[in-house]
Amino acid sequence: MKKSHDKKNQNLSNEKKSVSKISKHENGTTFNLQLKNKSKNWFYIILILIPILFFVLLEFSLRIFNYGYDQSQWIEIGNDKLVINPDYGKRYFNNINFTPQTSDDYFDKNKKSNSFRVFVLGASSAAGFPYMPMGAFSKYIQKRLELVYPTITIEVINISMTAVNSYTLLDLIPGVLDQNPDLIIIYAGHNEYYGALGVGSVESLGSSGFLKKMILNLNNYKITQLVKNLISGILSIFAKKESLEKSHTLMSKMAQEKSIQLNSEMFNHGAEQFSNNLTEILEKVKNKNIPIILGRLVSNYKDQKPFESFKGENQKSADEIFQEAQTEYKNSNFTKADSLFILAKDLDALRFRAPEKFNQIINSLANKFNVAVAKIDSLFIENSPHKIIGNNLMVDHLHPNVEGYLLIGKAFYETMEKHNYLPQNKNSQIHFAKQDSATRANFVFTKLDSIIGNNIVELLKNDWPFTKIKTAKSNEQILAPKNYIDSISFQYIENKISFADAYLKAATLNLQRDNIKEYLKYMNILIYKYPGLKDIKTAIKYFYEQRKVNPQDYTNKRLGKISILTNEYDKAIQYFNESLKQNPLDDEVLYNLALAYTQNKNYRLAKDFIKKCLAINPINSDCLKLKNSLITN
């Protein structure tokens with residue numbers, strides 16, 4: 001019994017040892033499994049981190065070596081001034097070689113306390129096409145503010161670009177809000193179908209708004225530029241040369257889905273895109289409590305026939321409706337003609353002109369967000385014969401002429417006044433009723449601006465869709481420059497010279513012709529646009545150093561005339577006296593000396609020089625007028 005009991009105890013002891021051994025083995029296995037799981041987790045983490053780290057290092061390297069173009073929205077131009085980056089528009093164009101022109105409207109990096117800052121956003125009509133930059137409606141607003149509030153620093157910054165739409169505006173708006181604007185103005189909607197990222201554009205990325213916004217965000221990285229350039233390089237090896245690149249105008253390059261019929265799926269996508277993007281813009285702006293004005297859209301529907309016409313089952317074609325409108329107009333049935341012209345425009349399957357639905361969207365969103373609307377269409381109608389908008393205010397299908405741009409500026413300014421968006425607690429220097437006429441009288445627009453604009457329109461209308469037959473003529477053959485100003489315009493349009501160089505050439509031409517008043521007009525625009533030039537003296541010195549002007553053009557006589565027109569009469573007297581040493585019998589110099597002494601109220605010397613002038617040329621009309629004015633006074 002005892003042996004049996006001992007054996008039983010021994011077996012029990014062995015079992016306990018076995019259990020203990022198994023338990024230790026299992027614990028070790030569990031621990032090893034945990035280690036393996038942790039190792040496996042780290043493996044996956046590292047696997048994920050390696051490509052992320054690679055892209056971070058690649059992006060960092062590309063930035064160090066300054067690969068590609070600068071994606072900053074604003075760049076410094078000296079004197080603590082900022083301007084929109086001229087390369088910024090590249091981010092919106094991948095399939096065609098195009099960078100939209102940007103304005104060089106500058107503003108203070110650190111906003112002054114006594115300043116009023118306005119940003120203008122839109123596409124080509126907001127930029128002032130074809131008279132940009134000086135013909136833009138923003139220049140009217142700026143000039144009127146400067147005249148009415150001379151003690152305030154006025155900053156009107158137009159960052160509109162050609163061939164863009166609401167996606168670009170949505171992309172730009174955060175950077176605008178960072179600059180503490182006092183007001184934002186938006187005039188946009190015509191490019192919603194064929195502008196960059198539009199549903200019918202060659203630059204489209206489909207109908208997904210999310211994808212388009214994601215691509216715009218990715219454009220902030222240098223890696224995106226690298227990938228785009230690699231893809232473009234590979235495709236260029238295999239791709240045939242497209243006729244797009246041979247086209248004269250951007251209009252024909254951008255329209256991929258050329259036909260978009262009214263109320264079609266693509267039409268509705270475009271309207272939805274416009275509404276959604278504008279909604280998001282208004283949300284961002286309202287969250288910052290910044291005043292904003294939306295402009296209702298205008299286009300030429302009387303004198304621009306539909307570009308593309310389709311006949312539906314239960315609907316007449318756009319061409320038929322347009323012909324009916326013309327008949328009603330000829331029969332003086334203007335109300336009916338107006339409705340038919342607008343319907344023909346909406347039925348036009350080439351969506352270069354915004355449909356009436358877009359103004360409805362603008363009104364609806366303005367009501368929803370309680371924002372102001374400039375009734376530009378109403379003002380255009382009031383200023384058109386029989387209240388139908390046509391070539392009286394338009395140069396093509398939708399771009400205004402100079403008078404049209406002045407009216408748009410007036411509409412926005414008067415909306416600013418109506419909603420108390422003008423500088424606060426500041427008394428205006430000009431009565432409101434006289435402000436428009438004063439602004440027009442001081443609006444800076446030159447002959448060169450007019451010629452450039454007219455030439456651009458000429459090129460536009462010599463290509464699709466204005467003409468179905470593509471011309472074989474070159475731009476030079478179409479424009480056929482007839483004189484030096486025409487040649488300056490052509491060089492500017494062909495991007496052979498800059499805006500500054502074009503203006504300087506025109507200024508120099510007027511200087512050489514002794515048309516000093518016109519010379520100063522061009523020079524003052526250059527000084528106005530480029531703050532580093534400061535005044536005439538520094539501008540001339542700068543252009544001397546750049547070898548862009550001939551010092552021999554600046555004779556003492558011409559410098560004297562410049563000094564008179566800049567109210568520097570003592571300098572004028574010095575220059576004219578030096579000129580007399582070379583030619584004592586120059587009656588024009590003698591007259592100008594008399595004028596300078598008159599302005600300095602030295603009437604005795606003024607009369608002496610009048611006498612000398614008339615002794616040489618008794619019929620000098622300017623001198624005779626000056627003599628009579630001194631006698632009457």
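Visitor: How do the side chains of Asp 514 and Arg 558 meet?

Guide: They meet in a salt bridge, at 2.8 Å from N to O; the term covers a side-chain nitrogen of Lys or Arg within 4 Å of a carboxyl oxygen of Asp or Glu. This is a predicted model, in which local features need pLDDT of at least 70 and side-chain atom pairs count only at pLDDT 80 or more, while totals for chains, interfaces and linings use all residues. Residues are numbered from 1 along each chain as its sequence is written, and side-chain values use heavy atoms, with hydrogens and water left out.

Visitor: Where do Asp 514 and Arg 558 lie?

Guide: Asp 514 is in the loop between α18 (499-512) and α19 (516-529), and Arg 558 is in helix α21 (residues 556-565), so the pair links distant parts of the chain, 44 residues apart. Helices (H or I, at least four residues) and strands (E, at least two) are DSSP runs, numbered from the N terminus.

Visitor: Is Arg 558 buried or exposed?

Guide: Arg 558 is buried, with a relative accessible area of 12%, whereas Asp 514 is partly exposed at 34%. Buried means under 20% relative accessible area, exposed over 50%, and partly exposed in between, with a 1.4 Å probe and protein chains only.

Visitor: Which salt bridge does Lys 557 make with Glu 588, and what is its N to O distance?

Guide: Their side chains meet at 3.0 Å. Lys 557 is in helix α21 and Glu 588 in helix α23 (residues 587-599), 31 residues apart. Lys 557, Lys 561, Asp 586 and Glu 588 are linked in a network of salt bridges.

Visitor: Turning to cysteines, how many disulfides are there in the whole structure?

Guide: The search finds 0 disulfides, a disulfide being a pair of cysteine sulfur atoms within 2.5 Å.

Visitor: Which residues of α24 are buried?

Guide: Ala 606, Phe 609, Ile 610, Cys 613 and Leu 614 are buried in α24. Seen down the helix axis, the buried residues fall within an arc of 135 degrees, so they line one face; the arc is that of the directions from the axis to the C-beta atoms.

Visitor: What does the face turned away carry?

Guide: That face of α24 carries the exposed residues Arg 604, Lys 611 and Ala 615.
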